[in-house]
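Below is a brief report on a two-chain model. Please look over the sequence and structure before reading on.

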Amino acid sequence: MPKENRSHFATNTIRFRNLIAISASLFLAACTLIAHYDQVAYEHATSAKVDTLALMDKATGSYDDHEKEVDALVRQLDKAYEYDRGRSLNKITIAQWNVLRDPNRNLVGGFLKMWKAKGSLSATFIAEKKLQIADAFDQIIALESGKQKPSEVKQ
Amino acid sequence: MANIDIGAILKNVEDQTKALAQKQIKEYTQQAVGDVKDLLERSKADLKRWVEELARGEMDKDEFESLVQGQIDVAEMRALKQAGLAEVQIESFVNGVIDIVVDAAFAAIP
């Protein structure tokens, strides 16, 4: 191969390698779209689900008798929310917590507000609402479970 | 010295990327469609049962309304979950493409 052609070939090879390296760097910089799996966040959600459903069983009784337990649950939910809020690229999970906790909507926040307003709730309603709220928690838990695990994350 | 066959590399990348996209999109679509079907089926059964319970006086109107509106809230949370899982799929796909490009290119360079 003539010297000029060899030089041209070497230049092209270096350019091509550089192009690949740059492209890969750009891709890597752009490819993190959502927070990765977090075991603590998962445990917060599963634990809050269990405690919420357990407290809901008591809503056939007087709200006043269980006010401290309600306050403790609200704090537990707030902690789970704040933990998730502190994670970057986690806006979708935060939006889920907002729907779940909002007193003006109709999941945990709305249930506790209604309990307080009415004093007590019917057993049938509680049983139905528990199914709904369990399903709602499962959406947070399933999203967390579906996030990339540390072992799957490209370094 | 061997020449780098750019055309072959690109064809290799294209074929592998196409296969990866088909696999991931198929899996995600099946899961998302199944999720929506499940929600619709369950909502229909739930609504029928709630109306009967309301009619029997087992719950009051406020409680019935809370359940109906709660179903909309759950649907929103489900949609958010799907949006999140779609982002996970995209991230996984991009990482897969990077692997394909890098592997194909370096395999072709002498």
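## Helix H2 of chain A

The buried residues of H2(A) pack against H3, H5 and H6 of chain A. Helices here are DSSP runs of H or I with at least four residues, strands are E runs of at least two, and both are numbered from the N terminus. A residue is buried if 20 or more other C-beta atoms lie within 10 Å of its own, exposed if 12 or fewer, and partly exposed in between, with C-beta atoms placed from the backbone. Contact means that two such C-beta atoms lie within 7 Å.

The buried set is A:Ala41, A:His44, A:Ala45, A:Ala48, A:Lys49, A:Thr52 and A:Met56. These residues cover an arc of only 130° around the axis, so they sit on the same side of H2(A). The arc is taken from the directions that run from the helix axis to the C-beta atoms. The face turned away from the buried side carries the exposed residues A:Gln39, A:Val40, A:Ser47, A:Val50 and A:Ala54.

## Basis of the model

This is a predicted model, in which local features need pLDDT of at least 70, side-chain atom pairs count only at pLDDT 80 or more, and totals for chains, interfaces and linings use all residues. Residues are numbered from 1 along each chain as its sequence is written, while chains are lettered from A and ligands numbered from 1 in the order in which they are written.

## The largest nonpolar core

A nonpolar core is a set of buried Ala, Val, Leu, Ile, Met, Phe, Trp, Tyr and Cys residues joined through C-beta atoms within 7 Å. The largest has 32 residues; A:Leu100, A:Leu107, A:Val108, A:Phe111 and A:Ala136 touch the most other members. H6(A) gives the most to this core, with seven residues. A:Phe111 touches A:Met56, A:Lys129 and A:Ile133, leaving aside residues up to four places away in sequence.

Chain B has two helices and zero strands. Its radius of gyration is 24 Å, well over the 13 Å that the globule rule gives for 110 residues, so chain B is more spread out than a compact globule. That radius is taken over C-alpha atoms, and the rule is 2.2 Å times the number of residues to the power 0.38. The C-alpha atoms of chain B fill a box of roughly 85 × 15 × 15 Å along the principal axes. Of the 110 residues, 18% count as buried.

In chain B, 35 residues are in contact with 42 residues of chain A. H2(B) supplies the largest share of the chain B side, 28 residues.
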